[in-house]
Amino acid sequence: MSELYLGRTVPQLKEWGGRLPVALVFPEAAQHALSTLGWQVVYRLLASCEELAVERFFWDPTSQRPRSVDSGRDLGLFPLVLFSLNFEGDFPTVIRLLQDADISVRAEERQSWPMILAGGPLAFLNPFPILPALDGIFVGEAEAGFLAVTGTIARIWNSGGEKAAALESIAALPGMLIPGKSPEPVRRVVDTSGSKNLHAPAYSCFVSSEAQFRDMLLLEVNRGCPYGCRFCAAGSIYKPPRHAEMETLQNIVTRCEPQKVGLVGTALTDWPDLLPFLRWLQERKVKFSLSSLRADGLTDELLGFLRHTGTRSVTLALEGASRRLRQAMNKHFSEEAFLEAVTRISRLQFGTLKLYMITGWPDENEEDWAEFESFLGRIEEARRLGQGNRKKGVELISLSVSCLVPKAWTPLQWAAIPEEDWFKKAMRRFKGAVGRFKGMRFAGENPAQARVQMFLARGGEEIFPCLERAAQTGLAAAVRDFDELVRQVLHRPLDRDSVFPWERLDIGVSRKFLYSEWTKYRHGIVSPPCPVSGCDECRVCGMDRFLSLLQGR
């Protein structure tokens, strides 16, 4: 991958003559794009290619027409438009941007240029609700072949070729889904050149005070997760788990010279070089920030270092209300390790402990909630134990509870979805439990908004008319107008043989494995994490076969 790093500087525009103009569109505000690594990786790839002239677009509701933030050019002038899909809520915005640029929304109505393609996490999760608006989808990691796609399109465009010829030419390329042209299921592409290592970790192309993570260079420490939590799509769609090498990250920091670094990963404390790398940053007076941590990875040495270097809050994931639920979801959660971590965090006088939890698990009930109330008391005891006689320690415990959104490519894709009133009842119980303790605060997700996300996550092309309406009225109003369709999608019966829209893709994890994990959820049976030895030795979930096919073995 190119080493292009722009930091706070403005990209230098390339002349369009002899190049394919490319609009790279992030369908959210600029502050979110500037804090999203995947989008920045794609920008770096495209900007480093001489045959392309790439410009950036963000969603700006105050602008009547979508315009490049680099040149002010209108979106409708670009022959290739690339959307970065990160969240299901982006779907209506994609449609709105096309409408505002006077580009026909449905692909079947666009016989000539522009070509509209999409990539990003949703492209290999479930992109099918928005598929009618797209000419194609790139499925997988951009580093693993996206430049071959854009290079092919550029050659045809620059020679005066038709869009239909370009679509035919890219339809069989690895990772490409061109409806009606690409062989299905389309196999996700994975950058396997680093073997078990993440040889080219993602890092920011831009650093900005406008970003959600202000003035921070984001660094990818690991990709994928070995623990196999049954609700987590990242554990499936980013397989196999890979760690970056410390030397690689040091080289990036040395080259970019940031004032602050944000470490990004699904399992930061699993990285054996975490503490040595943080010490290395401290020696260079580079500030740092960490995402959520696992309680069983918080050693005294790591916590002491974090506190000594100015970290004031720690975030831990609790996930489920009871031991039974955590075991069913395969969380690999030790209550003892968690409570010990709370005590150490309080003893070291961190100011805030942030806890995250999910409600809406299959078969979750009153007994689980009652156990959670008791466990909150044990958390409070652990906090006070850490405070000791000084009465100084964690001052605020903040519990944030979200609603379970069953995702594609997880065992819980077979899960039934509770009604909105059930979620409201659960939130009231958690709020009441937290309210019994001084120094605890509760924040709960809006169940109505969560059910909208569930609808978008579980739907296929049949929900596209609702998205078209949402582009005009907003998602909440559109969902009300399509209430019958919403109920059909959310509550259709699911069994072993149910076919899901996203199974037009092959992300590597076998359906047989996912269903076996769903069966284990219902029986509370724990599965072991991915072994350190890798997929070739494990051969349980299907990734060994998948990687062999990718590598032509």
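## Gln250 in helix H7

Gln250 sits in helix H7, residues 246-256; helices (H or I, at least four residues) and strands (E, at least two) are DSSP runs numbered from the N terminus. The model is predicted: local features need pLDDT of at least 70, side-chain atom pairs count only at pLDDT 80 or more, and totals for chains, interfaces and linings use all residues. Residues are numbered from 1 along each chain as its sequence is written, and side-chain values use heavy atoms, with hydrogens and water left out.

Is Gln250 buried or exposed? Its relative accessibility is 17%, so Gln250 counts as buried. Buried means under 20% relative accessible area, exposed over 50%, and partly exposed in between (1.4 Å probe, protein chains only). With neighbours within four places in sequence left aside, Gln250 is in contact with Phe277 and Trp280, contact meaning heavy atoms within 4.5 Å.

## Helix H9

Helix H9 spans residues 300-308, and its buried residues are Leu302, Leu303, Phe305 and Leu306. These residues lie on the same side of H9 because they cover an arc of only 160 degrees around the axis; the arc is that of the directions from the helix axis to the C-beta atoms. Asp300 and His308, on the other side of H9, are exposed.

The buried residues of H9 pack against helix H8 (274-283), strand E12, strand E13 (313-319) and helix H11 (335-347). Just after H9, Gly310 takes a positive phi of about 105 degrees.

## The sheet E8-E11-E12

Strand E12 also belongs to an open sheet of 3 strands, in the order E8-E11-E12 with parallel pairing. The edge strands, each pairing on one side only, are E8 (217-220) and E12 (287-290). From one strand to the next the twist averages 25 degrees, where axes are lines fitted to C-alpha atoms (for helices over the stretch in contact) and angles run from 0 to 180 degrees between N-to-C directions.

Two strands pair if DSSP finds at least two bridges between them. E8 and E11 (residues 260-264) run parallel and are joined by 4 bridges. Glu220 stands opposite Val264 in E11.

## Nonpolar cores

A nonpolar core is a set of buried Ala, Val, Leu, Ile, Met, Phe, Trp, Tyr and Cys residues joined through side-chain atoms within 4.5 Å. The largest has 150 residues, of which Phe83, Ile130, Leu219, Phe277, Phe338 and Phe455 touch the most other members. Apart from this core lies another, of 45 residues, including Phe26, Phe138, Ala202 and Met216.
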